[in-house]
Amino acid sequence: LKISDQYFEDSDYKSAYSYIQKAIVNDDKYRLSLEFARILVKLNRNQEALDALTTGPDTTIETWQLRQKADLLLELKAFTKAFAVYNQIDKIDSTFNNNYELARTLEGVGQYDFARKYLIADTSKNWDKKTALRNLLIHDLRYQNGATSVNTYNEYRDYGFKMDPLGIYRFKLFISHPLEARKFRDILGLLTLIVTLIVLIVTPSIWILP
């Protein structure tokens, strides 16, 4: 197995496969191992890799091994299974998953609802809740419906005027979902944005006027 691992690190996946097959002959447990699955992924034998990860009892207990397994499942587009393993990791060590990075990855493969669950998780445990809410808001503005986006914006804006002083997020929300209800406080941010734009337009003309 060590020789197979070395070939894998050297990106010689065919040789890695050959040597792990020898390990499997000596001990069939390697047929369901992470090492075998990751080699199969590199060889584009995805169904075999998925079978290796999901067939038989799961004996993976170490957090780092679970993370490798979850990442492989995500790569294989087994999203529900990957999500279950990430949740298992979270129960063992809530700090091990980088929810924001994981959410960005899920967004990249079009799994927006799964991505949102991890961003929500950050808002409940992140010490910097304002940043976590902003990340959630940006996601919602891109991928979620108007009602969801408005609710997230209001929760974010509840932290004060400075959270959206120019009303930029509210303007984006209006462009995406113009029929959603607005609060009176939203008008101040939008007015500030308009005034700022006017100043930026007018200021250059002052320098060229006699």
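Modeller: Helices are DSSP runs of H or I with at least four residues, strands are runs of E with at least two, and both are numbered from the N terminus. This is a predicted model, where local features need pLDDT of at least 70, side-chain atom pairs count only at pLDDT 80 or more, and totals for chains, interfaces and linings use all residues. Residues are numbered from 1 along each chain as its sequence is written, and side-chain values use heavy atoms, with hydrogens and water left out.

Biologist: What makes Glu 107 and Arg 104 a salt bridge?

Modeller: The term requires a side-chain nitrogen of Lys or Arg within 4 Å of a carboxyl oxygen of Asp or Glu. The closest N and O atoms of this pair are 3.7 Å apart, so the pair qualifies.

Biologist: How do you know that Glu 107 and Arg 104 are separated by about one helical turn?

Modeller: Because they are three residues apart in helix 7 (residues 99-108).

Biologist: Why is Glu 107 called buried?

Modeller: Buried means under 20% relative accessible area, exposed over 50%, and partly exposed in between (1.4 Å probe, protein chains only). Glu 107 has 8%, so Glu 107 is buried. Arg 104, at 42%, is therefore partly exposed.

Biologist: What makes Asp 140 and Arg 116 a salt bridge?

Modeller: Their N to O distance is 2.7 Å, so the pair meets the cut-off. The pair links distant parts of the chain, with Asp 140 in helix 9 (residues 129-143) and Arg 116 in helix 8 (residues 112-125), 24 residues apart. Asp 140 has 0% relative accessibility and is therefore buried; Arg 116, at 17%, is buried too.
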